[in-house]
Amino acid sequence: MTDQSRIRNFSIIAHIDHGKSTLADRLLERTGAVTEREMREQLLDTMDLERERGITIKAQAVRLEHTAEDGQKYVLNLIDTPGHVDFTYEVSRSLAACEGALLLADAAQGVQAQTLANCYLAIDAGLEVVPAVNKIDLPAANPDEVSSELVGILGGTPEEVLRLSAKTGEGVDRLLETLVARVPPPSGDPDAPLRALVFDSYFDAYRGVVCYLRVVDGRLDTGESIRFMAAGEVHDATEIGFLTPKAKPVASIGPGEVGYLITGVKEIDRIRVGDTVTSARRPATTALPGYSEPKPMVFSGLFPTDGDDFERLREALEKLRLNDASLVWEPETSKALGFGFRCGFLGLLHMEIVRERLEREYDLDLVATAPSVAYRVPLPDGRVVEIRSPQDLPDPGERDRISEPYVKVMIITPTEYVGPVMELATARRAIVGGMNYLSPERVELDFEVPLAEIVFDFFDVLKSKTKGYASLDYEPSGYREADLVKVDILLNGQPVDAFSAIVHRDHAQEYGKRMTGRLRNLIPRQLFDVPIQAAIGGRIISRETVKARRKDVTAKCYGGDITRKKKLLQRQKEGKKRMKMVGSVEVPQEAFVAALKVDEE
Amino acid sequence: MRPDQADALATASAAYVHIPFCSAVCPYCDFAVVAGNDHLVRRYVDAVISEVAMTEPWQPLESVYFGGGTPSHVDPAWLGEILEALARRHGIASDAEVTLEANPEDFDLAKATELTALGFNRISLGAQSFDESVLALLGRRHGPAHITRAVSAARDGGFGSVSIDLIYGTPGESDNSWLATLHETVALSTDHVSCYALTVERGTPLGRAVNRGAPAPDPDVQADRFGAADEVLRGAGLHRYEVSNWARPGHECRYNLTVWAQGEYLGHGNGAHGFRDGLRYRNHRRLEAYLEHVEAGRWPRAGEETIEGWDAELDRLFVGLRRSLGVAHGPGTTAILESVEGGRLAAAGVITADSERLVVTRPLLTDAVLRCALSQPAPIVMADGDA
């Protein structure tokens, strides 16, 4: 066990691509935790998908040993944090395991919204925040301006802002010294009953659930009986250890230390991030604060293109859940799309990652319905139901008000784009909040926006309106009533459930027009005219027609052509297999995908 | 023609002879054709004669069809040699229909007289249009005057049955242009007219042009043009007996009717298909490959398949349903009529059935019916060869 005065626990807060992973690699090298030969590029990001997207989905921790200028040996625990808006809760738990945070900003790009949001989380959690400007080796680097931005956020002087290049290693030694000097040591009570914070967990096929934890008070010993306080479960600490970064079993983990715990539990949802581990024999009376259940924010129906893949989809979801307790789903039946699952995600990125993994790692061909949020509808009997799918919305007669979730949105943009950003926000029913200049060139804008307005394409439009310079962060901010209606899309008079959407009354016409227009181009001509209508209740708000097919015959079929023609029609027939019958209308599978695709303009 | 007469052609004997040579290749054509290879013509004629000689002798042929390519591009005497070879091998019935495809620009009275003397009695002229601009769009090398002259030459030269081919729906052709072409056609009083919707085939110059963004034929426009053709030709006493073919009574093309009745036929020449003893075969399409095989004494077959059971029944529908008189009931029609899709087709007026036959009443949607047939599982009771 290490003396608490020799321990420094810290996280790195940085935007995607601002060099967090590269810096982590440098720290591992400098402290001798990994030799260069062992060095894999960006060791802390283990999943392929993370590597490709350059983001960290699951936090990890690594124990570094550093001999400081004072001649003392220090243990530095670097706790990685997820870098995306969907994982705010996990970020907050990682931060809760630290005493300090390194705020890392790209010298060319400056502070981004998510970084700022996470920085505020760190400040709120009482962490010592050490500012640093990375990538000073870049030709476009502007460390002076970025330093003054950081000073504007954190106070202090520009001289206190570290300047480094994770790529070349410049400034890394000074960073290590600064961390030792400025991050406070832990101050847990070694004699109190054990309290350890679970800040991350993952499923290992051989070992079961592995959780990462930070011991706050007391001591965790191998083999002892432990209790997860929120889950209420008791297990044995089969193995405990440090990550150096390789797992290294130890007999005890003392106060202030960070390590892993294996209990033999196989189901990841039984061990939740934020839970407190205590001793079963000598339990703590109160758990560590801040635990909450993962709450899905965005919902989408996932349907296999080939109905026969339904069971495979279920199995794939179950496997994904082994590593992702926040993924929830329930079976859903669509008249148009058949059997599938309505899945709940923490946010948009989470949704995208899950879909991509299902398609890539499990080789599934999926149709996803338009993302929806959870609406709250009070029923006449006083109950309030949560509506996660437009199909479930009670008829207007059985409800009067609908509430929708809002989010607090923070946007950081160069000042020249304030106009376009305001325009976008207003178009998305935003309530304009504050405006805060980070520097003469960059401004932080705050809004409250219905979540439904940002789940589609808000981020894409924001990026295009600001030439990619704006960044965005959001967090839930409760429910508000709104004038929402359900728009149905009817093919030949029959509603197609997959295309129904709950939208604001002012946007209903636009949605209806867009969908009917798209479908007119996507639905092949049939034997009869097919009206495509958008309707609110019984009222038609938009209409298009796919005219009947009039010619479907090859000009010639003489002796030589029979085989060829049979093959041609056979191919066309195979194409028809990918059609879904909606009433009497044949709709190609691609039409569902294309019609529900988010606009890219 | 009565349905039973048409169906009876299933037992007729027919032969197709492919002549691949052309003076130039039309941009829309995807047949096995060559241009600028006239030095190979004699070798080719000899090869076809050899192929005929290799063939198992059959009953006297009731119809022979020389198609192409441009058969009229070849010396009539050489065509006569091939006809003679067929006569020697199988015999040619005294009342046989012997058709030759010809281009208007290389057809005159002298040629016509020579051909009829050799035994040809039916001519099919590739007129395509009477509109100079449409002919130019189609890359044709003749003008309207050539067509009129060629029809007169055929009549004067003794052809008992004269047909012309037309193409409709060429981008650039107008309603009026098409109507004018139809009226010019009717004025020539031919015995038979084929009207084909211009089709964009992959790998042709037209196909490539369309891929690059050139206008493609509009199927709705083509549907309108088809309607106009049927109206004008019917008014002139020509009845439609197949999707793209109209004839005066008694002048229906017997060779094609044989194919559409699922009758058997010999196929000679490069790229030709034949159907004999339940075996459908195809010859090498490349001219050189065909010549090399035959000259080495080998069958020029590139592939073959036995057509039996459900496959044969599907074939019967594929060819038979294109005819205006449809097909007699069999396992295939039952399968269509009992299917959900068949019900939709009947409801949309695409097919009509009585106790005897199934008829496609909206011929421009024939392929929808055929796809429906293809989608049906083979009935369990369907034994080999009882179609």
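Colleague: Which residues point one way from β6(B), and which the other way?

Modeller: This is a predicted model. B:Arg122, B:Ser124, B:Gly126 and B:Gln128 point one way from β6(B), while B:Ile123, B:Leu125 and B:Ala127 point the other way. All of them are buried.

Colleague: What makes strand β6 of chain B largely enclosed by the rest of the structure?

Modeller: A residue is buried if 20 or more other C-beta atoms lie within 10 Å of its own. Seven of the seven residues of β6(B), residues 122–128, are buried, so the strand is largely enclosed.

Colleague: How do you know that β5(B) and β6(B) pair?

Modeller: Pairing needs at least two bridges. Strand β5 (residues 92–102) and β6(B) have four bridges, in the parallel sense. In this pairing B:Glu101 stands opposite B:Ser124.

Colleague: How many bridges join β6(B) to β7(B)?

Modeller: Five bridges join β6(B) to β7(B), residues 161–168, and these strands run parallel. Here B:Ile123 stands opposite B:Val162.

Colleague: Why are α3(B) and α4(B) called roughly parallel?

Modeller: The axes of α3(B), residues 76–90, and α4(B), residues 109–118, cross at roughly 15 degrees. Angles under 35 degrees count as roughly parallel, and therefore α3(B) and α4(B) are described that way. Their axes come within 10 Å, and the crossing is right-handed.

Colleague: Which residues make the contact?

Modeller: From α3(B) come B:Pro76, B:Leu79, B:Gly80 and B:Leu83, and from α4(B) come B:Lys111, B:Glu114, B:Leu115 and B:Leu118. By class, five are nonpolar, one is polar and two are charged.

Key:
Residues are numbered from 1 along each chain as its sequence is written. Chains are lettered from A and ligands numbered from 1 in the order in which they are written. This is a predicted model: local features need pLDDT of at least 70, side-chain atom pairs count only at pLDDT 80 or more; totals for chains, interfaces and linings use all residues. Axes are lines fitted to C-alpha atoms, for helices over the stretch in contact, and angles run from 0 to 180 degrees between N-to-C directions. Helices (H or I, at least four residues) and strands (E, at least two) are DSSP runs, numbered from the N terminus. Angles under 35 degrees count as roughly parallel, over 145 as roughly antiparallel, 65 to 115 as roughly perpendicular and the rest as oblique. A crossing is left-handed if the near helix is turned anticlockwise from the far one by less than a right angle, and right-handed if clockwise. Two residues are in contact if their C-beta atoms, placed from the backbone, lie within 7 Å. Ala, Val, Leu, Ile, Met, Phe, Trp, Tyr, Cys and Pro count as nonpolar, Asp, Glu, Lys and Arg as charged, and the others, Gly among them, as polar. A residue is buried if 20 or more other C-beta atoms lie within 10 Å of its own, exposed if 12 or fewer, and partly exposed in between; C-beta atoms are placed from the backbone.
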